[in-house]
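Subject: Structure for you, with notes

Hello,

Here is the structure I said I would pass on. My notes on it follow below.

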Amino acid sequence: MAFKTDYARVHGLGSAHEGVGHWWQQRLSSIALLPLTFLFLFPFARALGQGHEAVLALYGNWWHALVAVVFLIVGFNHLMSGLQVVIEDYVPTKPARTTLLVLNTIMNWALGAAGVFAVAKIAFSA
Amino acid sequence: MADVNRGNRPLSPFMIGPYYRPQITSVLSIMHRITGVALLLAAILVVWWLAAAAISPQAFARADWVLTSWIGTLVLVGSLWALWFHTLNGIRHLMWDMGRGMEMNAVHSTGWAAVAGSVVMTVITLFFV
């Protein structure tokens, strides 16, 4: 710190010490989710309530499986970064905040991985 | 110390209601967060349903029974509206990030459009898809 100018010390860094990376990543994932939401939601809504065979047939199709996998990856990425901001805003004490942030990361990766694995298993056994 | 009242005044957002009239701007901003967080529940249900479909017909029958039960339907229809509201209101946020639609009349009209649009898209998804 002593041998750096004030500007060099703060360049590219906000109060979160990581610059605008998180903000930018939220924006990019939200733009990607605009078409992905339509592409995932409508076939999903049609299959829901139509039974097991209908779900296997839907995600046995390579296009719908691919859309679902990309939607799950980008969606859980977006959910994780959104929940992270909420935790940072409303949990003031450091130990509780750090614990929740770690749990948030684990939860979203676990859910995303489980969803991607499920769709891939259906697609590859079709 | 100029700020002698620190800690003894209504803090945001708890001044909305008793001290400060709710406005479409603040209410939709809060709803954007609430719908975003609430969609976690739908995400868990959908992943459970997908995983169950991949595991066995018995596992799928259990998950599908919960999702298509009356309470599951209530949660999923609520989530569907939350998804559309969060999506449409998210477009407003992206517009503001590009410096567009920041005038008060634009903020109000796009806000009501997001509310109306979310209901319309929910109905379309439920009955026409």
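At roughly what angle do the axes of helix α1 (residues 24-55) of chain B and helix α4 (residues 104-128) of chain B cross? They cross at roughly 45° and come within 10 Å. Axes here are lines fitted to C-alpha atoms, for helices over the stretch in contact, and angles run from 0 to 180 degrees between N-to-C directions. Helices (H or I, at least four residues) are DSSP runs, numbered from the N terminus, as are strands (E, at least two).

Before the rest, the ground rules. This is a predicted model, in which local features need pLDDT of at least 70 and side-chain atom pairs count only at pLDDT 80 or more, while totals for chains, interfaces and linings use all residues. Residues are numbered from 1 along each chain as its sequence is written, and chains are lettered from A and ligands numbered from 1 in the order in which they are written.

Helix α1 of chain B

The angle between α1(B) and α4(B) makes them oblique to each other (under 35 degrees counts as roughly parallel, over 145 as roughly antiparallel, 65 to 115 as roughly perpendicular and the rest as oblique). Their crossing is left-handed, meaning that the near helix is turned anticlockwise from the far one by less than a right angle; clockwise would be right-handed. On the α1(B) side, B:Ile24, B:Thr25 and B:Leu28 meet B:Val107, B:His108, B:Gly111, B:Trp112 and B:Ala114 of α4(B). Contact means that the C-beta atoms of two residues, placed from the backbone, lie within 7 Å. This contact has 5 nonpolar, 3 polar and no charged residues (Ala, Val, Leu, Ile, Met, Phe, Trp, Tyr, Cys and Pro count as nonpolar, Asp, Glu, Lys and Arg as charged, and the others, Gly among them, as polar).

α1(B) also packs with α3(B), at an angle of about 135° and with the axes 8 Å apart. That pair is therefore oblique too, and the crossing is left-handed. Residues of α1(B) that meet α3(B) include B:Leu28, B:Met31 and B:Leu45. By class, this contact has 12 nonpolar, 6 polar and no charged residues.

α1(B) has 32 residues and spans 46 Å from its first C-alpha to its last, close to the 46 Å expected (1.5 Å times one less than its number of residues). Among its buried residues are B:Thr35, B:Leu39, B:Val46 and B:Trp49. Buried means 20 or more other C-beta atoms within 10 Å of a residue's own, exposed 12 or fewer, and partly exposed in between. The buried residues of α1(B) pack against helices of both chains, including α5 (94-124) of chain A and α2 (57-68) of chain B.

Where the chains meet

In total, 23 residues of chain B are in contact with 25 residues of chain A. On the chain B side, α1(B) gives the most, with 12 residues. That side has 16 nonpolar, 5 polar and 2 charged residues.

Two buried residues

B:Trp84 lies in helix α3 of chain B and is buried, with 23 other C-beta atoms within 10 Å. Not counting residues up to four places away in sequence, B:Trp84 touches B:Ser118, B:Met121 and B:Thr122. The C-alpha atoms of B:Trp84 and B:Met121 are 6.6 Å apart, although 37 residues separate the two along the chain.

In chain A, A:Leu33 lies in helix α2 (residues 21-47). Why does A:Leu33 count as buried? Because 21 other C-beta atoms lie within 10 Å.

Regards
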